[in-house]
Amino acid sequence: MNELIVVVLLAAPLLGGLIAWPLRGRAVEAVAVITFCVTAAAGLGLATAVPGLGRVTAFGGVVSIDALGAYVLGLTILVAALALWASPKYIRYELAAGELQPRDEGHYYALLLWFVATLIAVPLVDNLGLLWVAIEATTIVSALLVGINRSPEAIEAAWKYLILGTVGVGFALLATLLAYASSVRVLGESSDALNWTHLMAIAPQLNPGLLRLSFVFALAGYGTKVGLVPFHTWLPDAHSQAPSPVSALLSGVSITAALYALIRFHLVTVAGIGPAFSSNLLIFFGLLSMAVALPFMIRQEDMKRLLAYSSIEHMGLMVVGIGFGGPIALLGVALHLGLHALTKATLFLSAGALVQKYGSHRLSAIRGTLRAAPIAGGAFGGGILMLGGLPPSGIFVTEFAIIVGGVTRGYGPAAALAAIILALCFVAMAVHGSRTIWGHSGPIEAVKSFDGSLALRLAIPLVAVAVLGLWTPGPLASALDSIRTILGATGV
């Protein structure tokens with residue numbers, strides 16, 4: 001039965017994309033929606049089976065999903081649902097404005113479905129080699145989406161993303177080969193030598209030198225996809241030039257998938273040689289990413305680039321939290337992963353609506369949004385407050401947990417530095433947000449009709465983030481505890 005669900009989960013978006021490619025209008029929208037509903041049903045069915053079983057396997061262990069994998073799978077489906085929900089209105093506007101050609105409509109939905117399929121594959125596989133293939137596939141498909149309107153800026157961003165992403169994933173391939181070289185002496189020459197579950201079981205027997213080298217290459221490789229400094233330069237360009245629903249997927253899920261892969265390498269390294277080596281590297285590069293993102297956020301003039309640099313800041317914080325280890329910080333990281341995905345996806349969708357309304361990406365041109373575009377403007381302002389951790393945002397709870405967790409683990413100076421950077425980043429975002437909401441809007445006409453679909457699409461995730469700051473449902477609390485256990489399985 002599990003095998004059938006996995007086949008449906010991966011085959012449905014691949015087949016749906018093939019059908020969608022030559023279609024246009026309502027037909028392609030219908031194909032995309034039906035395909036995604038089938039995919040979501042299979043994915044959520046698989047993810048919800050994990051808590052009762054502990055781990056779901058299929059195809060002789062090639063597919064193996066634990067609580068962490070189920071969590072990433074669920075987040076992928078939720079953010080993809082938001083992106084698909086926003087796509088019809090966004091694409092119709094771009095077609096009417098001449099930014100896209102009629103044939104691009106089918107291509108967009110096909111590539112979007114394929115992008116979702118590659119993202120879904122990441123948490124399904126137990127084999128680190130197949131994990132690398134899935135991450136590389138996300139890069140190729142999403143690069144085509146970034147450049148879909150073929151403007152000079154979009155093409156430049158797509159090429160930059162493709163080249164840097166592929167170079168980064170090339171380093172990740174070296175990390176995978178080194179992990180195999182370390183394990184093959186214990187497990188023999190078989191595909192099992194790259195299975196994460198087997199590597200964790202034999203980690204103390206692995207070659208320490210090869211493990212260290214493997215993690216360094218994994219950090220450089222998957223860190224590029226995560227957007228860690230100094231491997232981050234592709235991210236602001238790609239996230240700002242991509243269609244806004246795609247930006248939501250890139251920032252909400254794609255970089256999360258890369259972080260998931262990096263976590264797997266980190267856990268094997270910690271199990272084999274202890275936490276000091278990889279944890280210290282994660283803390284250093286996480287803090288560096290947060291610090292470098294700050295000045296770009298302060299002086300930013302592009303709305304979507306502002307959100308992209310915010311993603312670098314938050315991924316840096318999560319990497320720092322993983323480096324801290326311990327139950328408090330790791331529980332904070334687990335919840336922050338989901339809350340950031342929902343909030344950032346909502347912000348990119350609201351930013352996309354505002355960019356279309358004002359005809360500009362420049363923050364100085366987007367003013368008075370509460371009057372001119374109250375739904376998108378209100379969601380953008382509310383999203384900034386949620387993302388900054390203003391209570392009752394759940395992100396306040398997660399950031400506080402990560403900082404306190406770092407202090408209790410003996411990383412007081414690093415935790416203090418992270419707290420200071422977080423506060424300054426919030427101020428930078430709040431200043432931009434306040435100017436956007438209350439600044440003088442010039443000749444922009446106020447919205448005269450209420451868009452219920454847009455209001456629901458932007459309100460639901462933000463309300464969820466606020467509610468989770470006050471109350472955590474029992475099933476989610478149990479899932480987060482299971483994730484924390486996995487992240488701390490080696491005592492980190």
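**Entry 1. Backbone: positive phi**

I located Phe59 in the loop between β1 (56-58) and β2 (63-65). The model I am reading is a predicted one. For Phe59 I noted a phi near 55 degrees, a positive value in a residue other than glycine. Most residues other than glycine have a negative phi, which is the reason I looked up this position. I then checked the accessibility of Phe59: at 40% relative accessibility, this residue counts as partly exposed.

I found Arg150 in the loop between α5 (128-146) and α6 (152-187). Its relative accessible area is 40%, so I recorded Arg150 as partly exposed.

**Entry 2. Backbone: cis peptide bonds**

Most peptide bonds are trans, and I therefore looked up the exceptions. I recorded a cis peptide bond between Val229 and Pro230, with omega about 10 degrees. I placed Pro230 in the loop between α8 (208-226) and α9 (234-241). I also recorded a cis bond from Pro391 to Pro392, where omega is near 10 degrees. Pro392 belongs to the loop between α15 (374-388) and α16 (394-408).

**Entry 3. Helices α10 and α13**

Two packed helices are described by the angle between their axes and the distance between the axes. I looked up both values for α10 (residues 244-273) and α13 (residues 327-358): the angle is about 160 degrees, and the axes are 7 Å apart. Angles over 145 degrees count as roughly antiparallel, and I therefore describe α10 and α13 as roughly antiparallel to each other. I noted the crossing of α10 and α13 as right-handed.

I then listed the residues that meet. From α10, they include Ser244, Pro245, Ser247, Ala248, Gly252 and Leu259. On the side of α13, they include Leu337, His340, Ala341, Lys344, Phe348 and Gly352.

**Entry 4. Thr269**

Leaving aside its neighbours within four places in sequence, I found Thr269 in contact with Leu211, Phe215, Gly274, Phe277 and Ser278.

**Entry 5. Charges over rings**

Phe277, one of the contacts of Thr269, came up again here. I found Arg212 over the face of Phe277, at 6.0 Å from the ring centre. I also looked up Arg264, whose charged end sits over the ring of Trp196, 4.1 Å from its centre.

**Entry 6. Aromatic pairs**

How many aromatic pairs does the structure hold? I recorded 11 aromatic pairs. I examined the pair of Phe296 and Tyr309: the ring centres are 4.8 Å apart and the planes are at 5 degrees, so this pair is stacked; the cut-off for stacking is under 30 degrees. Phe296 lies in helix α11 (residues 276-298) and Tyr309 in helix α12 (residues 303-324), so the pair ties together parts that are 13 residues apart in sequence.

I compared the accessibility of the two partners. Phe296, at 38% relative accessibility, counts as partly exposed, whereas Tyr309, at 6%, counts as buried. Finally, I noted that Phe231, Phe284 and Phe285 form one aromatic cluster.

Definitions and conventions
Residues are numbered from 1 along each chain as its sequence is written. This is a predicted model: local features need pLDDT of at least 70, side-chain atom pairs count only at pLDDT 80 or more; totals for chains, interfaces and linings use all residues. Side-chain values use heavy atoms; hydrogens and water are left out. Rings of Phe, Tyr and Trp (its six-membered ring) pair if their centres lie within 6.5 Å; planes under 30 degrees apart count as stacked, over 60 as edge-to-face and the rest as tilted. Helices (H or I, at least four residues) and strands (E, at least two) are DSSP runs, numbered from the N terminus. Buried means under 20% relative accessible area, exposed over 50%, partly exposed in between (1.4 Å probe, protein chains only). A charge sits over a ring if NZ of Lys or CZ of Arg is within 6 Å of the ring centre and within 35 degrees of the ring normal. Axes are lines fitted to C-alpha atoms, for helices over the stretch in contact, and angles run from 0 to 180 degrees between N-to-C directions. Angles under 35 degrees count as roughly parallel, over 145 as roughly antiparallel, 65 to 115 as roughly perpendicular and the rest as oblique. A crossing is left-handed if the near helix is turned anticlockwise from the far one by less than a right angle, and right-handed if clockwise. Contact means heavy atoms within 4.5 Å.
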